[in-house]
Amino acid sequence: MTTSTTGLDAAPRTAASTRRRQVLRAATAAVVTLVLVGVPTDILANPWFGREVPVRWWEYPVLAATALLTALWFGIQQRHPGEGQAATPAAGVLLTVFAVGCPVCNKLVLVTVGASGALGWWAPLQPVLAVLSLAMLATAVLYRWRRRPCDDACTPVTPTR
């Protein structure tokens with residue numbers, strides 16, 4: 001006995017495969033973000049990079065939140081595949097690198113304000129940059145969420161009298 005695929009059977013498989021692709025894309029984005037931010041800042045210990053200032057306690061949750069928000073952004077389906085991006089997580093992720101990086105290991109900071117300025121001025125500013133970067137990422141995720149394609153479940157219900 002052979003079974004044929006009807007239009008009803010094909011729709012759930014297509015939706016399931018789309019969902020799997022979105023989850024895989026989000027997980028890949030999270031791992032790539034963890035590696036691209038965590039390795040050069042030496043939050044994730046590695047033999048290639050080092051830090052002069054130890055990792056501060058708040059840098060771990062900022063790195064985790066950055067990876068999570070980036071994964072969410074990549075996991076939300078675009079309205080139209082060819083549509084341009086108005087809000088991307090790139091600026092927020094780049095700001096996270098500056099926020100969680102070693103204050104005296106950053107060559108741009110050292111050239112600009114020197115070693116004493118890096119510890120006295122830049123290091124206290126880094127938690128503010130971390131909050132700003134997470135706010136930027138959350139805004140990008142919210143923007144993408146609000147512009148995602150919608151089915152009948154997204155239609156507002158009008159109250160009846």
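Me: How should I read burial at an arginine: is R51 buried or exposed?

Reply: R51 is buried, because its relative accessible area is 14%; buried means under 20%, exposed over 50% and partly exposed in between, with a 1.4 Å probe and protein chains only. The model is a predicted one, in which local features need pLDDT of at least 70, side-chain atom pairs count only at pLDDT 80 or more, and totals for chains, interfaces and linings use all residues. Residues are numbered from 1 along each chain as its sequence is written, and side-chain values use heavy atoms, with hydrogens and water left out.

Me: With which residue does R51 form a salt bridge?

Reply: Side chains of opposite charge can pair when their charged atoms come close. Here the partner of R51 is E59, with 3.2 Å between the closest N and O atoms; a salt bridge requires a side-chain nitrogen of Lys or Arg within 4 Å of a carboxyl oxygen of Asp or Glu. E59 is itself buried, since its relative accessible area is 0%.

Me: How many salt bridges does this rule give?

Reply: The count is two. In the other pair, R56 meets E59 with an N to O distance of 2.5 Å. R56 counts as buried because its relative accessibility is 18%. Shared partners join R51, R56 and E59 into one network.

Me: Which residues of α2 are buried?

Reply: The buried positions of α2 are E59, V62, L63, T66, A67, L69, T70, A71, W73 and G75. An α-helix has 3.6 residues a turn, so residues three or four places apart point the same way. Helices are DSSP runs (H or I, at least four residues), numbered from the N terminus.

Me: What span should the 17 residues of α2 have?

Reply: The expected span is 1.5 Å times one less than the number of residues. For α2 (residues 59–75) this gives 24 Å, and the end C-alpha atoms are 24 Å apart, so the two agree.

Me: Where does S133 lie, and which residues does S133 contact beyond its neighbours in sequence?

Reply: S133 belongs to helix α4 (residues 107–146) and is buried, because its relative accessible area is 0%. Leaving aside neighbours within four places in sequence, S133 is in contact (heavy atoms within 4.5 Å) with G92, L95 and T96.

Me: How accessible is L34?

Reply: L34, in helix α1 (residues 7–38), counts as partly exposed because its relative accessibility is 30%.

Note on methods: Helices (H or I, at least four residues) and strands (E, at least two) are DSSP runs, numbered from the N terminus.
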